[in-house]
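Biologist: I am new to this one. Could you walk me through how to read it, feature by feature?

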Amino acid sequence: MTKPTVGVVGAGVIGAGVAQDLAQRGFRPILVDVSEAALDAARERIRTSVSAACLFARSKPADPPDEIFARVSATTRYDALSGVDFVIENATEDVEIKRPIYEMLDAVCPKDCVLIANTSCIPITRLASFTKWPARVIGIHFMNPVPMMHTVEMVPGVETSGRTIDKAKGLMEQLGKTCIVVKDSPGFVSNRILMLAINEAVRVLEEGVADAESVDGIFKSCFGHPMGPLETADLIGLDTVLLSLEVLRDSFDDAKYQPCRLLKEMVAEGRLGRKSGAGFHPYS
Amino acid sequence: MNAVDPKSQIRDYLERVTRHPDLRDDQNIFDDGIVNSIFAVELVVFIEDRFNITIENDDLDFANFASIDAIAAFVARKTGAA
């Protein structure tokens with residue numbers, strides 16, 4: 001089967017992971033970000049992640065890491081997306097950052113290009129309203145680390161067409177991903193529930209009820225979860241957790257999503273979790 | 001043995017980040033579940049950054065990274081200290 005051309009917008013942790021996953025599956029993704037520094041960091045992240053994946057699998061890869069890495073082209077220019085079949089958008093979890101990106105994609109992408117919003121919490125119907133053709137917009141919530149997580153949360157918006165859903169499912173099949181389809185709502189299923197649990201776990205820490213090791217240990221040892229809520233927050237990135245809680249609070253107009261003080265302090269201090277080398281636990 | 005000895009640096013890093021305080025130098029950190037697939041990426045970054053080396057395709061042999069002893073020997077070879 002011919003592989004479609006896929007643009008990936010946003011070169012943060014999740015965008016780099018999407019590009020890596022596509023490249024490992026033989027696609028030639030075009031990674032776009034307005035920041036050269038973000039693109040440089042993404043290149044380095046992809047190179048080391050491909051190497052580590054080979055190492056962990058204890059096998060020489062079918063394709064050498066250098067070859068996989070070479071399949072990713074990175075650019076600051078949106079017009080590189082003028083011929084793509086799909087765009088996967090992974091910009092920062094902020095409507096005002098995402099809005100001009102959708103307007104730009106409308107201007108440069110072919111009219112039948114499917115726009116996939118990889119958002120943590122923002123309703124897909126709202127993002128689709130920023131384009132002239134909302135029928136081609138669909139939400140797919142990829143999990144981090146993208147190449148290792150084989151299920152995605154798929155979220156059609158109110159106006160998403162059946163054709164868009166079918167094309168998006170076809171792409172996910174080529175990526176080896178299973179889709180769980182849910183209705184459009186802030187935070188969908190995953191983050192509507194998870195963010196509340198993380199916020200409460202941070203509050204437990206803030207109140208001194210238990211230390212981070214104990215909080216995570218209870219979830220791992222008592223419930224059999226592979227990671228506790230604070231380790232999960234460190235993996236997601238505390239900045240993304242904070243933004244997600246704010247989107248949920250504002251979307252539902254419900255104070256139960258109010259981010260706790262310690263979370264806001266840690267983000268202000270740049271303690272963002274794994275990607276910054278420290279969060280609730282040390283990583284460097 | 002002092003604080004700048006590569007093996008000590010590797011042990012300090014692994015014990016701090018994996019939160020396993022009593023690793024043996026010959027303990028297989030993959031077989032014993034100390035390194036998971038997510039941490040493997042950070043281990044590669046640590047080795048490259050701390051010892052200023054690049055892990056090439058041909059270096060991607062599990063035997064080079066299986067224990068503190070193995071990583072220290074690999075770093076020594078790459079830096080010409082062996």
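**Reading the model**

Modeller: Start with a single residue. B:Asn28 sits in the loop of chain B between helix H1 (6-18) and helix H2 (37-51). Bear in mind that this is a predicted model.

Biologist: Is B:Asn28 buried, exposed or partly exposed, and why?

Modeller: Count the C-beta atoms around it. A residue is buried at 20 or more within 10 Å, and exposed at 12 or fewer. B:Asn28 has 14 such neighbours inside 10 Å, so it counts as partly exposed.

Biologist: Which residues is B:Asn28 in contact with, leaving aside its neighbours within four places in sequence?

Modeller: B:Ala66 and B:Ser67. For another distance, take B:Ala76, 48 residues from B:Asn28 along the chain. Their C-alpha atoms are separated by 19 Å.

Biologist: Now the two chains. How many residues does each give to the contact?

Modeller: Chain A gives 17 residues and chain B gives 14. On the side of chain A, helix H2 (36-57) and helix H3 (65-70) each supply at least two residues. H2(A) has the largest share, with seven residues.

Biologist: What classes of residue make up the side of chain A that touches chain B?

Modeller: Eleven are nonpolar, three are polar and three are charged. Size is often given as the accessible area lost when the parts come together.

Biologist: How is chain A divided into domains?

Modeller: Domain 1 covers 6-181 and domain 2 covers 190-276. The centres of these two domains of chain A, taken over C-alpha atoms, are 25 Å apart. Ten residues of domain 1 of chain A are in contact with twelve of domain 2. The domain 1 side of that contact has four nonpolar, three polar and three charged residues.

Biologist: Which residues of H7(A) are buried?

Modeller: First, the general idea. An α-helix has 3.6 residues a turn, so residues three or four places apart point the same way. In H7(A), the buried residues are A:Asn191, A:Met195, A:Ile198, A:Asn199, A:Ala201, A:Val202, A:Val204 and A:Leu205. Their cover includes H8, H9, helix H10 (238-252) and helix H11 (261-268) of chain A. After H7(A) comes A:Gly208, with a positive phi near 75°.

Biologist: How do the axes of H8(A) and H9(A) cross?

Modeller: Look at both distance and angle. The axes of H8(A) (residues 212-222) and H9(A) (residues 229-236) come within 7 Å and cross at roughly 105°. That makes H8(A) roughly perpendicular to H9(A).

Biologist: Which residues make that contact?

Modeller: H8(A) brings A:Ala212, A:Val215, A:Asp216 and A:Phe219. H9(A) brings A:Pro229, A:Leu230 and A:Glu231. By class, the contact has five nonpolar, no polar and two charged residues.

Biologist: How many residues of H9(A) are buried?

Modeller: Seven of its eight, so to read it plainly, H9(A) is mostly covered. Among the buried ones are A:Thr232, A:Ala233, A:Asp234 and A:Ile236. What covers the buried residues of H9(A) includes H7, H8 and H10 of chain A.

Biologist: What comes just after H9(A)?

Modeller: A:Gly237, which takes a positive phi of about 110°.

Note on methods. Residues are numbered from 1 along each chain as its sequence is written. Chains are lettered from A and ligands numbered from 1 in the order in which they are written. This is a predicted model: local features need pLDDT of at least 70, side-chain atom pairs count only at pLDDT 80 or more; totals for chains, interfaces and linings use all residues. Domain bounds come from an automatic or database domain assignment. Two residues are in contact if their C-beta atoms, placed from the backbone, lie within 7 Å. Ala, Val, Leu, Ile, Met, Phe, Trp, Tyr, Cys and Pro count as nonpolar, Asp, Glu, Lys and Arg as charged, and the others, Gly among them, as polar. Helices (H or I, at least four residues) and strands (E, at least two) are DSSP runs, numbered from the N terminus. Axes are lines fitted to C-alpha atoms, for helices over the stretch in contact, and angles run from 0 to 180 degrees between N-to-C directions. Angles under 35 degrees count as roughly parallel, over 145 as roughly antiparallel, 65 to 115 as roughly perpendicular and the rest as oblique.
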